[in-house]
Amino acid sequence: MALAESRARRDAQSVPSEWIRRIHPAAALLLALLIIMPAIANSFILVQIFAWSFILGMIALSLMFLAGYGGMVSLAQMTIAGFAGYMVAIFGVHGEPAASIGWPWWVAVPIALVLAMIFGAIIGALAVRTEGIYTIMITLAIAAAFFYFTNQNYAIFNGHTGISSIPTPHLFGVNWHNAIPFYYLSLLWATLAWGAVTWLSRAPFGLALQGIRDNPRRMAALGFNVNAHRIAAYVVAALIAGVGGILLVWSNGQVAPGTVNVGAAIDILVIAVVGGVGNPIGPFIGAFIYAILKTFALDILVTLALDGNRFRLLIGLGFLAIVFFSPDGVIGLWNRWRNRGTLARVPSGGGGHG
Amino acid sequence: MLTVGSAAWAGGGLRPNAFPVLCLGGGMNAFVARHPAWSLVMIFVVVGLIWLVFAPWPPGFEEVFGRKKLFLNATFNGVTLGGLYFLVASGFTLIFGLMRNVNLAHGSIYLLGGYFGYMANDITGSWLFSFVVAFFVAAFLGVLLQIFVFRRMEGEELRQTLVTIGISIVLADLMLWVFGGNSWQIQTPTWLRGPVELPFITAVKSSGEAVYLTYPIVRLAIFAASIVIGVGMWLALNRTRIGMIVRAGVDDREILAAMGVRIQLVFVLVFAFGAGLAGMAGVVGGTFQSLSPGEDTRFLLASLIVVIVGGMGSIPGAALGAIIIGVAEQIGLAYFPTYAIVLTFVIMVAVLAVRPQGLLARR
């Protein structure tokens, strides 16, 4: 279903001026399907599969934005998401009234997002001092540092146990923690994030960022401030990841160091790469596959008469297969399958990696 | 840079005419001439450290810094841990320096070597033999990785990195499957058990008699071994023909290949050696710490930080970074245990902010 939309999106890329008109049929179909989904699926599927893949997809989308348009693979996006979640809990209300500041959510959420963006700017300022594979290593080290810090700091982050009993706000008389409202809430923000990245990729800032990805020296010679653009990209990505992180915390009702450990950071990279970092819809496809695998891996493995605990093995092998055979993710596979007859056309989307 | 006598191999450089670091002798004079103020500061720091370690502390001092025994123990633990970090990180940095690929499965190789060393020690009862087993198992895995993964995607750095992440996920889960979630410890052989008294004064009794530091002999032996390996690597790189080829490959592998050197063979050998070092480090880590799931990530991160601090691709950089990180970790553990691990990251961030290429990198 999402694949159909990717096709429309891909075609639209070639003719930017007409993209609104051309995107409509497939995107509208997908959106309509997602809007009526609560009538089809039960609340477990809605929250555990759909809402979760929207949230993970948003965090992976922030990585896709950095990697696909900026050429910077940051493993610290889950860290920023977790940081925003922690901030919402600390400035807002949580299980231990003594430790939380207790401001209402409409104060806590903007503060958390601004702090997440500042955090993202700091990470970006450190990471842009290096390039390419160095960025991966440095952001990985930052992610690990934040994990250890939350794990050992009891004064603010409540150490290994983390923070629990974080309420989802009530607004307009709706309890947004219920399955159907939360589904629509995460769908709304995921759509907005996807739209924002799509729009930004064609805006002057996004074009300059892609220029910097392809040739930083030439862009510098043209008068663009390369590092400022890169750090700004980190800030935008931090905002998207921060929204995802807050939704994640509301969905789970708790946040702990396990939310931001190295495994989680790598899972976000896996999601983005499996989906494809050449297109903003890719991370959502990756997240959908990940959520299905993670929820049903036990059943799938047991059906195949294998040990149900080998979920990560399955994820790792799938990731390896994707990286080996289709560097541009599932979207790349789809494009290649679609273009199988037309030999003249080179499969597109391969330039996604920095 | 190709002369055999050159002592300037620091690796990782792209510009052959760049300022060579860590030349013993001439290079040091050049450094002093360039940065007289920094040299003075460094001399003061080194003299201060030597005084802290060797001299009996004046009474007022102990009130501020705690007992000298605590400080000495933390320092020794840090330096010996630095030796272990060096063993892991030197392979990592060597592979990066020559082949420009970041092997994020390095931690998995470390843990795999440790597990195989454990089994070898358990079956044969010979601790030294377990090093041989760990080295060859890890080296074999390295050869497989180089031939079936890295050779197929040469020059695609990001893809290689992603593949190694995938491999580390798979290996971690396979090891969890086979060896379970328990932690294992390799038994120290009898001839290395027990403490030894060292000529470092920890305190002076009221009778005027000096108390000397006692320290586990196995950690000292392992540290000595890592120094021997480090010096051996330095000599092999700077005094032998294969070392010359490797150094030339670091500078420009295309030209080297054009001159008829079988570069792919050199790549396989270097990868095998680097992985083998990580495997042996696994036995060392399994002896004075333990082996369990999660140790692979821990040592991968440690080597990442060590090489970021020391400079990617530089063997002397790896040694310096390993000692700094090891000592910082242990001193932190002794004096402010809650934030000990965070301290190492603070050092990394500080180095990145001041010298992004690392302390001893050539670029």
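## Chain B: fold and confidence

Among contacts in chain B between residues at least 6 apart in sequence, 74% link residues at least 24 apart. Two residues are in contact if their C-beta atoms, placed from the backbone, lie within 7 Å. This is a predicted model: local features need pLDDT of at least 70, side-chain atom pairs count only at pLDDT 80 or more, and totals for chains, interfaces and linings use all residues. Residues are numbered from 1 along each chain as its sequence is written, while chains are lettered from A and ligands numbered from 1 in the order in which they are written.

Chain B has 14 helices and 2 strands. These are DSSP runs, numbered from the N terminus: helices are H or I of at least four residues, strands E of at least two. Of the 363 residues in chain B, 47% are buried. Buried means 20 or more other C-beta atoms within 10 Å of the residue's own, again placed from the backbone.

The average pLDDT of chain B is 78, and 83% of the residues score at least 70. pLDDT is the predictor's confidence in each residue, from 0 to 100. Over residues 1-26 of chain B it stays under 50; the model has 59 contacts beyond four places in sequence for them. Where pLDDT is low, the predicted coordinates should not be read in detail. For the complex, the predictor gives an ipTM of 0.73 and a pTM of 0.78.

## The A–B contact

Chain A brings 32 residues to the contact and chain B 29. On the chain B side, α7 (157-179), α12 (295-310) and α14 (340-354) each supply at least two residues. The largest share, 14 residues, comes from α7(B). By class, this side has 22 nonpolar, 4 polar and 3 charged residues. Ala, Val, Leu, Ile, Met, Phe, Trp, Tyr, Cys and Pro count as nonpolar, Asp, Glu, Lys and Arg as charged, and the others, Gly among them, as polar.

A141(A) touches residues of chain B, among them L301(B), I305(B) and F345(B).

## Nonpolar core

The largest nonpolar core has 206 residues. Such a core is a set of buried Ala, Val, Leu, Ile, Met, Phe, Trp, Tyr and Cys residues joined through C-beta atoms within 7 Å. A141(A), A143(A) and V88(B) have the most contacts inside it. Helix α4 (residues 43-70) of chain A gives the largest share of this core, 17 residues.

Definitions and conventions:
A residue is buried if 20 or more other C-beta atoms lie within 10 Å of its own, exposed if 12 or fewer, and partly exposed in between; C-beta atoms are placed from the backbone.
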